[in-house]
Amino acid sequence: MIVPPHGRLFFERVATLRILLKTPMFRWLVLAAIGGTIIITAVVIARPVTVTEIVDGDTVRLSDGELVRLLGIDTPEHGEPFFAEATEFLARRIDGRQVELTFDYTRRDHYRRLLGYLWLDDSLINLHIVRNGLARVYAWPPDTLHYRTLVRAQTEARRHKRGIWSLPAPEPESLYVIHTKRFRFHRPDCPAAAATSTTSTRSRDSLLDSGLSACRSCRP
Ligand SMILES: [Zn+2]
């Protein structure tokens, strides 16, 4: 059989690819490229969803029954100041509406809720609620995709004493326990402070400025 020159080139390339695929290093590179593409696609591509219920300031229910916990933030609990305002804030903007949902590294928490970011007309709802002083930044590493942006919005809300930042600050400590990897700071006697943490004499404001979140149990 006579193979035309371009056909021969094709067969040569297939043969080269077959040899390359037998090389462990090349196989790993191909697998890594495929894996990377899958992860990036899952994180970046937004999924249209419809919000049917506002549970509180950081949790909503979707039309398919799924609960979504908004990532990177923590809003006041029932009975705490600004609980109603935070819930209202979400209700006014997204209740009954179609929004976009994007993910970070972790897809679900241990309550099986989806963990994500909600977008309305290209603006991030998680960020809006922080900027209005109705949520604190609360990072759960490794889900820190928008963490820096959220901290900047929180600094702005604190400077203007919006919402929760208009309340009197908690009793200060002369020393705080810091857990950098978890983005947290604690009171010195907090049982949740890990043994590996370091201590700091920096003020609460300075720790918040640097992007650390106040522990939810000892509330420093
Ligand atoms: Zn604590």
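## The main nonpolar core

In this predicted model, the largest nonpolar core comprises 31 residues. Ile73, Ile129, Val130, Leu134, Val137 and Leu150 have the most contacts inside this core. Two or more residues each come from strands S1, S3 (67–70) and S6, and from helices H3 (83–94), H4 (125–131) and H5 (147–159). Helix H5 makes the greatest contribution, giving five residues.

Leu134 illustrates how parts of the chain meet here. Leaving aside residues up to four places away in sequence, Leu134 touches Gly57, Thr75, Phe82, Glu85, Ala86, Phe89, Ile129, Gly163 and Ile164.

## A second core

A separate core of nine residues is also present. Among its members are Tyr176, Ala214, Cys215 and Cys218.

## Strands S1, S5 and S6

Strand S5 (residues 98–102) pairs with two other strands described here. With strand S1 (residues 47–56), the pairing is antiparallel and extends over four bridges; Val49 has Val99 of S5 as its bridge partner. With strand S6 (residues 114–120), S5 is again antiparallel, and three bridges join them.

Val177 stands opposite Thr199 of S11.

Strand S9 is also antiparallel to strand S10 (residues 184–186), again through three bridges. His179 has Arg184 of S10 as its bridge partner. The hairpin of S9 and S10 has four residues between the strands, and Phe183 in this hairpin adopts a positive phi near 60 degrees.

Definitions and conventions
Residues are numbered from 1 along each chain as its sequence is written. This is a predicted model: local features need pLDDT of at least 70, side-chain atom pairs count only at pLDDT 80 or more; totals for chains, interfaces and linings use all residues. Two strands pair if DSSP finds at least two bridges between them. A nonpolar core is a set of buried Ala, Val, Leu, Ile, Met, Phe, Trp, Tyr and Cys residues joined through C-beta atoms within 7 Å. A residue is buried if 20 or more other C-beta atoms lie within 10 Å of its own, exposed if 12 or fewer, and partly exposed in between; C-beta atoms are placed from the backbone. Two residues are in contact if their C-beta atoms, placed from the backbone, lie within 7 Å.
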